[in-house]
Amino acid sequence: MNENFYTKEYEVRYYEIDSKKRLLKSSLMNYFTDIATIHSIERGVGIDYLEKKGLGWVINKYDIELFQEGYYLDKIKISTEAYGFRKYFAYRTFKAEGEKGNEIARGNALFMLIDTEKRKMIRIGEEITNAYGIPPEETNRQVAFEKIKEIETVHNEMEFQVRYTDIDTNGHVNNVKYLDWLIEAIPPEIINEKSLKRIKMDYMKECLYGETITSRVQLIEEKGTRAIKAIHSIINEEEKEVTRGETYWR
């Protein structure tokens, strides 16, 4: 067994689906978060270890490709790999498969290690990198992430207030909540008539309890395909961008 890999099966629950009984993409991201957390616990560098050290992981970037829908009561196998480390950053990959081995989704994520008191990045030590048993020649592997463009025209926006239930163990908004906020600004006819095929997110600044944020979107229809590319931006009360994203709908 490779220590840098971990696999777990999930059954899609009723509270994890939309009106068409499809697995919510935020629920899929929750699976990714859960398995990464469990993997770290199994390797001895999980939540309790980090709390004792005054450390925490925060996500910096996400890129998820979606191939098939998951549905209510489906059993989905989620796999993750601690892919590599570089100074302050950790790269992790994910894969979701159906019961017949069909690929549902794959994703890449970039994490930063922070000092939870100073809220500053901190270099990842060997105690953490060694815990995953990555061969020395592969420790520095990286995943490339495409740059997300800025919004040029705002076609729709929604305002939200950060709730207590949005907060994670690091004291800021859980990364999955941002995806919900992005999608909420998409017109319902796009969500109901098309399938979400890709999610790219760039987390730029943390949000805290009680803040008011605005989710803005620009919609671009690709000629000849009727596919929609949505460019997203989440803005805080000070008009500073906290998250940027792109979603693709076909």
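Which side chain meets Glu-65 in a salt bridge? The side chain of Arg-106 does, at 3.7 Å from N to O. A salt bridge is a side-chain nitrogen of Lys or Arg within 4 Å of a carboxyl oxygen of Asp or Glu. Glu-65 lies in strand E2 and Arg-106 in strand E5, so the pair ties together parts that are 41 residues apart in sequence.

This is a predicted model: local features need pLDDT of at least 70, side-chain atom pairs count only at pLDDT 80 or more, and totals for chains, interfaces and linings use all residues. Residues are numbered from 1 along each chain as its sequence is written, and side-chain values use heavy atoms, with hydrogens and water left out.

Strands (E, at least two residues) and helices (H or I, at least four) are DSSP runs, numbered from the N terminus. Strand E5 covers residues 103–115. Ten of its 13 residues are buried, so E5 is largely enclosed by the rest of the structure. Buried means under 20% relative accessible area, exposed means over 50%, and partly exposed lies in between (1.4 Å probe, protein chains only).

Two strands pair if DSSP finds at least two bridges between them. E5 pairs with E2 (residues 55–66) in the antiparallel sense, over eleven bridges. Here Ile-64 has Gly-107 in E5 as its bridge partner. E5 also pairs with E4 (residues 89–97), again antiparallel, over nine bridges. Tyr-91 stands opposite Leu-110 in E5. Five residues separate E4 and E5 in their hairpin, and Gly-101 in the turn has a positive phi of about 85 degrees.

E6 (residues 120–121) pairs with E5 in the antiparallel sense over two bridges. Met-121 in E6 is the bridge partner of Ile-114. This hairpin has four residues between the strands, and Arg-119 takes a positive phi near 60 degrees.

**Salt bridges**

The structure holds 23 salt bridges. Arg-119 forms one of them with Glu-206. Arg-119 lies in the loop between E5 and E6, and Glu-206 in the loop between E8 (196–203) and E9 (212–221), so the pair ties together parts that are 87 residues apart in sequence. Glu-11, Arg-13 and Lys-75 are linked in a network of salt bridges.

| Pair | N to O distance |
|---|---|
| Arg-22 and Asp-18 | 2.8 Å |
| Glu-65 and Arg-106 | 3.7 Å |
| Arg-119 and Glu-206 | 2.8 Å |

Is Arg-22 buried or exposed? At 10% relative accessibility, Arg-22 counts as buried.
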